[in-house]
Protein chains: 2
Amino acid sequence: METAGSTRMTYPYDVFDDRCPTRMMLDRLADKWALLVLDRLDGGPVRFNRLRRDVRGISQKVLSQTLKRLERDGLVDRTVHPTVPVSVEYALTPLGRTLTETVAAFAHWAEHNMEAVLTAQAAYDAAAAG
Amino acid sequence: METAGSTRMTYPYDVFDDRCPTRMMLDRLADKWALLVLDRLDGGPVRFNRLRRDVRGISQKVLSQTLKRLERDGLVDRTVHPTVPVSVEYALTPLGRTLTETVAAFAHWAEHNMEAVLTAQAAYDAAAAG
DNA sequence: CAGCATCCGCTCGGATACTG
DNA sequence: CAGTATCCGAGCGGATGCTG
């Protein structure tokens, strides 16, 4: 409970305020790749190339960037195993684990309501055309 | 019903497959502005300029685009009131309402765990610098 | 009030090549 | 295997001006 350094008092965080740090956080989480990686890590530690293969469509560069950001944010833990060749495991931190339930909820929502969305899109497009 | 790990093969849809429609859906939802708009609409119907003011930092163009996409996806309903001048209300559809709980969970997570994230970032940066 | 049209900078992200 | 480095095209999104 240090008061020195970054003195942010019991200041009410608000995502609707564009100057609030939570807005930046939302920007980070509102990322397709980050969500997929977090969701994939929910099953347990995963190695880099395995992650690359499982999250289909992600490039090596973007996966690397995404993991680095998640690690910096304290959501993901990076462990290097000194084997030959080196293997690196990525896992959720306790903090990251507090988030995956919400992330999974998103993925499940998409999977469960895809039909309804596709139907709505078709209806919208038909109305616009006719 | 596999025993090891969490399996999710109940539905044909799979967000990890880049050719699956849900991937497109995730891409839509994984948008800062869309999430904020949906969260704001959770309180009830809101007019355009009110939305523009409340979701701080959003531009008129982006708000317009976002609302149109959400409407097309069947998540938001657009109602024009023939007053002078015209007023337009945006509200969640029943489908959209099934999503807001998850969206709100995201916002709340950010607001509750911001301190931890900022601390993690500071530690990461300090380690990188030293 | 609630938009659309246009210009354009800037970042995201894909492709490719190389390293420990 | 697990990355880093670089190039570069596409598009997101901000600023501005105009309309019913």
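A:Lys32 is buried, at a relative accessible area of 16%; buried means under 20% relative accessible area, exposed over 50%, and partly exposed in between, computed with a 1.4 Å probe on protein chains only. The model is predicted, so local features need pLDDT of at least 70 and side-chain atom pairs count only at pLDDT 80 or more, while totals for chains, interfaces and linings use all residues. Residues are numbered from 1 along each chain as its sequence is written, chains are lettered from A and ligands numbered from 1 in the order in which they are written, and side-chain values use heavy atoms, with hydrogens and water left out.

A:Lys32 forms a salt bridge with B:Asp27, with 3.4 Å between the closest N and O atoms. A salt bridge here is a side-chain nitrogen of Lys or Arg within 4 Å of a carboxyl oxygen of Asp or Glu. This pair crosses between chains, from helix H2 (residues 32–41) of chain A, which holds A:Lys32, to helix H1 (residues 21–29) of chain B, which holds B:Asp27. Helices (H or I, at least four residues) and strands (E, at least two) are DSSP runs, numbered from the N terminus. B:Asp27 is partly exposed, with a relative accessible area of 37%.

The side chains of B:Lys32 and A:Asp27 also meet in a salt bridge, at 3.5 Å from N to O. That pair runs between chains too, from helix H2 (residues 32–41) of chain B to helix H1 (residues 21–29) of chain A. B:Lys32 counts as buried at 16% relative accessibility, and A:Asp27 is partly exposed at 38%.

Another salt bridge joins B:Arg72 to A:Asp125, where the closest N and O atoms are 2.7 Å apart. It links helix H4 (residues 60–72) of chain B with helix H5 (residues 94–129) of chain A. B:Arg72 is partly exposed, with a relative accessible area of 25%, and A:Asp125 is partly exposed at 33%. In chain A, a network of salt bridges connects A:Arg40, A:Arg50 and A:Asp54. Over all chains the count comes to 10 salt bridges.

The next topic is the DNA. DNA strand C is surrounded by 18 residues, of which the closest are A:Lys61, B:Gln60, B:Ser64, B:Arg78 and B:Tyr90; a residue is near a strand if one of its heavy atoms lies within 4 Å of it. Of the atoms of DNA strand C that come within 4 Å of the protein, 60% belong to sugar and phosphate. A polar side-chain atom of B:Arg78 lies 2.6 Å from a phosphate oxygen of DNA strand C.

The largest share, 4 residues, comes from H4(B).

Chain A also has an open sheet of 3 strands in the order S1-S3-S2, with antiparallel pairing; two strands pair if DSSP finds at least two bridges between them. Strand S1 (46–47) and strand S2 (76–81) of chain A stand at the edges with a single partner strand each, so one side of each has no neighbour in the sheet. S1(A) pairs with strand S3 (residues 87–92) of chain A over 2 bridges. The bridge partner of A:Arg47 in S3(A) is A:Glu89.

Definitions and conventions: A polar contact is a pair of N or O atoms within 3.5 Å; within protein, one must be able to donate a hydrogen and the other to accept it, and residues adjacent in sequence count only if both atoms are side-chain atoms.
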